[in-house]
Amino acid sequence: MKILFVAPWIPASVRPRSLVILEMLAAEHDVRFLGLVHDEEEARLAELLPVKERTLVPNPRVGSMLRSARALGTGVSLQTGYASPKALTDALRRELDDFRPDVVHLNVFRTVHLVEACGSTPVIVDLDEFRSEYYEQLASHGPSPAWRALGRVEAPRMRAREDKLVGMGVPLMLSAPSLPGQERPNTFLVRSPCDFSVQRQAGPIAPTVLFVGRLSYEANVNGLMWFVRECWQGIRDAVPDARLRIVGTDPPKAVQELVGNGIELHANAPAVEPHYADAAVAIAPIFRGTGVQLKLIQAMSAGVPSVTTSMVADRAGVADGVHVRVADDRAGWIAAVSGLLSAPETAARLAANGREWVAAHHSSAAVRLQLQAAYASLPTGARMDGAPGR
């Protein structure tokens, strides 16, 4: 099958879902890549993609921000405005004429403005999540007036476009199962692949608490700051030699200033695997967001007992006391983290259950079947089991 994979960025280790799904498709099909690049570094990353041909469209950050600003007056989503240079639509039309793909695979919400431009060519969208839910959360519970204003602007625009895609019958891939009562037609569960191979440290493990995440993401920073402010001293009181290791990209000044009192920061680390190898507990104190937190899935796959919020656990489909520990307030978090640090047998049981759950739901083998089921919804000629490309 011939697939045109379109992304608003270059799939790479910092965007693992995009990269691994592209790798899965390219291993079995004729895949071309069309994507946006901000700079020469991203263009060099594109050369590493597992495709024979790639088309890169420059998307300077200044231009992206100007298009988002213009979108304020048009009613369209600021996200799609950010990633909608005319050159991308023009390149898409050239690829449709030249490559004649059986299907166009659009990666995340930022590319959905291209659905109509695909004409009669079948389209599937890896939406990942209904992102409007996150902006609705921002609108009511954002950390500042500016964030709440952004949520009030963006949430209804994104929701309108998501609803239109559902109404059009475009197959939508989601990384998390829908919550009861929130199921929508023509959506397909395709979890984020995670075959995380980590050799855990042998013998006793120091009481290291690990947070891994993109620190340019508001929800990560908000959750981490809350954990340090509300919970960390209580955990240190219970386990005096506990240490908090923060591993993430582009930490803002507020996170950099957390260092001390048993807290260490590893900014822009080249690899996260070594940090999982000797972690005693992993945390995902995320109170705002949608989809599945990949940091939780990675930690479970690495065999690190994990603590998270009920929101994250519910989205993933994992159970408190079976796969993870769940807590939503200060007392619960202190008890859960310090309890795992102090009870290695309980921690080991939780870690084993978590690793087994990830293998069943997020391994490449499991996700490949989920991906095939999503593609099976396409017209016969565009299915993975259909005829070769035109």
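Which classes do the residues of the lining of the largest cavity divide into? They divide into nine nonpolar, one polar and one charged. Ala, Val, Leu, Ile, Met, Phe, Trp, Tyr, Cys and Pro count as nonpolar, Asp, Glu, Lys and Arg as charged, and the others, Gly among them, as polar.

## The model

This is a predicted model, where local features need pLDDT of at least 70, side-chain atom pairs need 80 or more, and totals for chains, interfaces and linings use all residues. Residues are numbered from 1 along each chain as its sequence is written, and side-chain values use heavy atoms, without hydrogens and water.

## Cavities

The model has two cavities of 30 Å³ or more. The search uses a 1 Å grid over the protein atoms alone, and a cavity is a set of points where a 1.4 Å probe fits but cannot get out. A pocket is an open set with protein on both sides within 12 Å along at least five of seven lines. Lining residues have an atom within 4 Å of a point. Grid points are joined across faces, edges and corners, and a volume is the space filled by probe spheres set on the points.

The largest cavity holds about 50 Å³. Its lining includes Leu210, Phe211, Tyr276 and Lys295. Strand S8 (208-214), strand S11 (281-284) and helix H11 (294-301) each supply at least two lining residues. Helices (H or I, at least four residues) and strands (E, at least two) are DSSP runs, numbered from the N terminus.

## The second largest pocket

This pocket has about 350 Å³ of space. It is lined by 21 residues, and the closest to its centre are Arg200, Ile205, Ala280, Pro344 and Ala347. Helix H13 (330-342) and helix H14 (344-362) each give at least two residues to the lining. H14 gives the most, with six. By class, the lining has 16 nonpolar, three polar and two charged residues.

## Helix H7

Helix H7 covers residues 145-168. At 1.5 Å a residue, its 24 residues should span 34 Å, and its end C-alpha atoms are 35 Å apart, which agrees. The expected span is 1.5 Å times one less than the number of residues. H7 bends by about 30 degrees at Glu154, and Pro156 follows within four residues. The bend is the angle between axes fitted to the seven residues ending there and the seven starting there.

Several residues of H7 are buried, among them Gly151, Glu154, Met158 and Leu165. Buried means under 20% relative accessible area, exposed over 50%, and partly exposed in between (1.4 Å probe, protein chains only). The buried residues of H7 pack against helix H3 (61-71), helix H4 (78-82), helix H6 (132-141) and strand S6 (172-174). After H7 comes Gly169, with a positive phi near 80 degrees.

## A buried arginine

Arg17 lies in helix H1 (residues 16-28). Is Arg17 buried or exposed? Arg17 is buried, with a relative accessible area of 8%. Beyond its neighbours within four places in sequence, Arg17 is in contact (heavy atoms within 4.5 Å) with residues including Asp126, Asp128 and Met173.

## Two positive phi values

Most residues other than glycine have a negative phi. Arg100 is not a glycine, yet its phi is positive, about 50 degrees. Arg100 sits in the loop between helix H5 (86-99) and strand S4 (103-107). Arg100 is partly exposed, at 45% relative accessible area.

Val108 also has a positive phi, about 70 degrees. Val108 is in the loop between S4 and strand S5 (123-128). At 11% relative accessibility, Val108 counts as buried.
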